[in-house]
Amino acid sequence: MKKLIAILGMVVLSLSSPVSAQEVDEQNPYKLVHGVANTTFERIKANQAEIQADPEMLRTIMQEELVPHIDYKFAAFMVLGKHFKSVPKEKMGEYISVFRQYLVTTYAVAMGYYDNQEVIFEPESDFSKEKSVTVRAVVKDPTRPDIKIAFKVRRDSKTNEWKAYDMVAEGISMLNSKRSEFESILRTDGIDAVISLMREKIGKPVELNAGESIDIDGESV
């Protein structure tokens with residue numbers, strides 16, 4: 001999934017107006033995406049010296065600022081696809097917990113590739129009757145063609161709060177890509193092999209590599 005995670009880093013870090021963590025509006029999907037981007041940016045900006053000394057701090061920032069606004073359980077179920085029913089109940093909790101850590105690591109790695117790109121979000125549309133909304137944007141980089149990106153956000157029917165669950169870059173869904181990657185593993189080796197694969201990637205150190213681009217598995221492209 002070429003450049004997808006690097007693009008996420010661009011989006012999350014590209015906005016500059018200060019917004020405190022308390023001001024993230026989960027009642028509005030557009031303000032949610034904007035607000036999370038801003039709070040994450042401000043946190044990283046305020047801790048640049050610490051991050052340069054210890055890039056692992058990016059995991060903490062993602063854990064505290066970004067992941068709380070992601071519906072990671074829904075995303076984890078979507079990645080399983082048709083194999084959802086074949087996962088033993090006693091393994092589901094472990095899978096979801098590791099998947100959450102995997103997302104933290106994925107986003108933290110993305111931050112190490114950020115290089116001051118500009119992101120322009122589309123205007124807000126009426127979402128009052130919607131259960132799911134796609135918030136679109138364009139990533140602008142003076143050295144590369146524009147990249148179309150979108151966040152899929154869904155409303156919780158009980159709390160009425162919105163949370164992001166997927167990102168699509170140039171028509172490529174992160175969740176669909178992970179589902180394709182895990183599908184053959186689930187079919188032949190089961191959920192334990194998927195959990196083991198995610199744990200392996202979680203165990204890799206976060207590195208600062210601004211100016212490069214990567215795919216979801218951390219390979220340079």
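Trainee: What should I keep in mind before we start?

Mentor: This is a predicted model, in which local features need pLDDT of at least 70 and side-chain atom pairs count only at pLDDT 80 or more, while totals for chains, interfaces and linings use all residues. Residues are numbered from 1 along each chain as its sequence is written, and side-chain values use heavy atoms, with hydrogens and water left out.

Trainee: How many helices and strands does the protein have?

Mentor: There are eight helices and five strands. Both are DSSP runs numbered from the N terminus, helices being H or I with at least four residues and strands E with at least two. Along the sequence the pattern reads α-α-α-α-α-α-β-β-β-β-β-α-α.

Trainee: Why is Glu-26 called buried?

Mentor: Buried means under 20% relative accessible area, exposed over 50%, and partly exposed in between, with a 1.4 Å probe and protein chains only. Glu-26 has a relative accessible area of 12%, so Glu-26 counts as buried. Its place is in the loop between helix 1 (4-13) and helix 2. Across the protein, buried residues make up 49% of the 221 residues.

Trainee: What makes the link between Glu-26 and Lys-163 a polar contact?

Mentor: The term asks for a pair of N or O atoms within 3.5 Å; within protein, one must be able to donate a hydrogen and the other to accept it, and residues adjacent in sequence count only if both atoms are side-chain atoms. The side chains of Glu-26 and Lys-163 are joined at 3.3 Å, so the pair meets the distance limit. Glu-26 also touches other residues, including Leu-32, Pro-68 and Trp-162; contact here means heavy atoms within 4.5 Å.

Trainee: How do you know that strand 2 and strand 3 pair?

Mentor: Two strands pair if DSSP finds at least two bridges between them. Nine bridges join strand 2 (residues 132-141) to strand 3 (residues 144-155), so they qualify, and they run antiparallel. Asp-141 stands opposite Arg-144 in strand 3.

Trainee: And what makes strand 4 and strand 5 a pair?

Mentor: They have two bridges, and at least two are required, so they pair, again in the antiparallel sense. Val-168 has Ser-173 in strand 5 as its bridge partner. The two strands form a hairpin with two residues between them, and Glu-170 in the turn has a positive phi of about 50°. Strand 3 and strand 4 pair over seven bridges, with Arg-154 opposite Lys-163 in strand 4.

Trainee: Why are strand 1 and strand 5 said to stand at the edges?

Mentor: The open sheet of five strands has the order 1-2-3-4-5. Strand 1 (118-121) and strand 5 (172-173) each have a single partner strand, so one side of each is left without a neighbour in the sheet. Helix 2 (residues 29-46) packs on the sheet, and its direction makes about 40° with that of strand 2. For that angle, axes are lines fitted to C-alpha atoms, for helices over the stretch in contact, and angles run from 0 to 180 degrees between N-to-C directions.

Trainee: Why is the ring pair of Tyr-95 and Phe-99 called tilted?

Mentor: Rings of Phe, Tyr and Trp (its six-membered ring) pair if their centres lie within 6.5 Å; planes under 30 degrees apart count as stacked, over 60 as edge-to-face and the rest as tilted. Tyr-95 and Phe-99 have centres 6.0 Å apart and planes at 40°, so the pair is tilted.

Trainee: What makes the pair of Phe-127 and Trp-162 edge-to-face?

Mentor: Their planes are at 90°, with 5.8 Å centre to centre, and the term needs over 60 degrees. Phe-127 lies in the loop between strand 1 and strand 2 and Trp-162 in strand 4, so the pair ties together parts that are 35 residues apart in sequence. Phe-127, at 13% relative accessibility, counts as buried, and so does Trp-162 at 0%.

Trainee: What makes a set of residues a nonpolar core?

Mentor: The members are buried Ala, Val, Leu, Ile, Met, Phe, Trp, Tyr and Cys residues joined through side-chain atoms within 4.5 Å. The largest such core has 58 residues, and Met-62 and Tyr-95 have the most contacts inside it. Its largest share, twelve residues, comes from helix 6 (residues 89-111). Met-62 touches Val-104, Tyr-107 and Met-111, among others.

Methods
Lists of a residue's contacts leave out its neighbours within four places in sequence.
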